[in-house]
Amino acid sequence: MALTGKKNVVKRRRIEFALEKPKAQQVILMGDFNQWNPNTHPMRKDEKGVWRKTVMIFAGSYEYRFWVDGEWCNDPHNTLRCPNCFGSENNLIEVLS
């Protein structure tokens, strides 16, 4: 007997992260969505000095930060934050389905 109906398709959303740091040499996006892996989402600087990275993320709530020339940096355009285990704060992002 065949079952009919909709398949539950889990979709990812395209999310762009941006950080204005024109003097930075390297910016890396890290968070729950990439297991805080520094090799997964290096960012690229545009002609205006804004570092950008577009990632595909499943719906959910995630913590993230930027790693800028060896120092952690929060997203100045996102006021949603939560404490982390290192005594500082991570940014929060809610990705809707």
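Q: Why is Asn 90 called buried?
A: Asn 90 has a relative accessibility of 5%. Buried means under 20% relative accessible area, exposed over 50% and partly exposed in between, with a 1.4 Å probe and protein chains only, so Asn 90 counts as buried. The model is predicted: local features need pLDDT of at least 70, side-chain atom pairs count only at pLDDT 80 or more, and totals for chains, interfaces and linings use all residues. Residues are numbered from 1 along each chain as its sequence is written, and side-chain values use heavy atoms, with hydrogens and water left out.

Q: What makes the pair of Asn 90 and Glu 63 a polar contact?
A: Their side chains meet at 2.7 Å. A polar contact is a pair of N or O atoms within 3.5 Å; within protein, one must be able to donate a hydrogen and the other to accept it, and residues adjacent in sequence count only if both atoms are side-chain atoms. The pair is therefore listed as a polar contact.

Q: Why does Asn 78 count as buried?
A: Its relative accessibility is 13%, so Asn 78 counts as buried. Leaving aside neighbours within four places in sequence, Asn 78 is in contact (heavy atoms within 4.5 Å) with Tyr 64, Asn 91 and Leu 92.

Q: What makes a set of residues a nonpolar core?
A: Such a core consists of buried Ala, Val, Leu, Ile, Met, Phe, Trp, Tyr and Cys residues joined through side-chain atoms within 4.5 Å. The largest one here has 18 residues, and Phe 17 is among those with the most contacts inside it.
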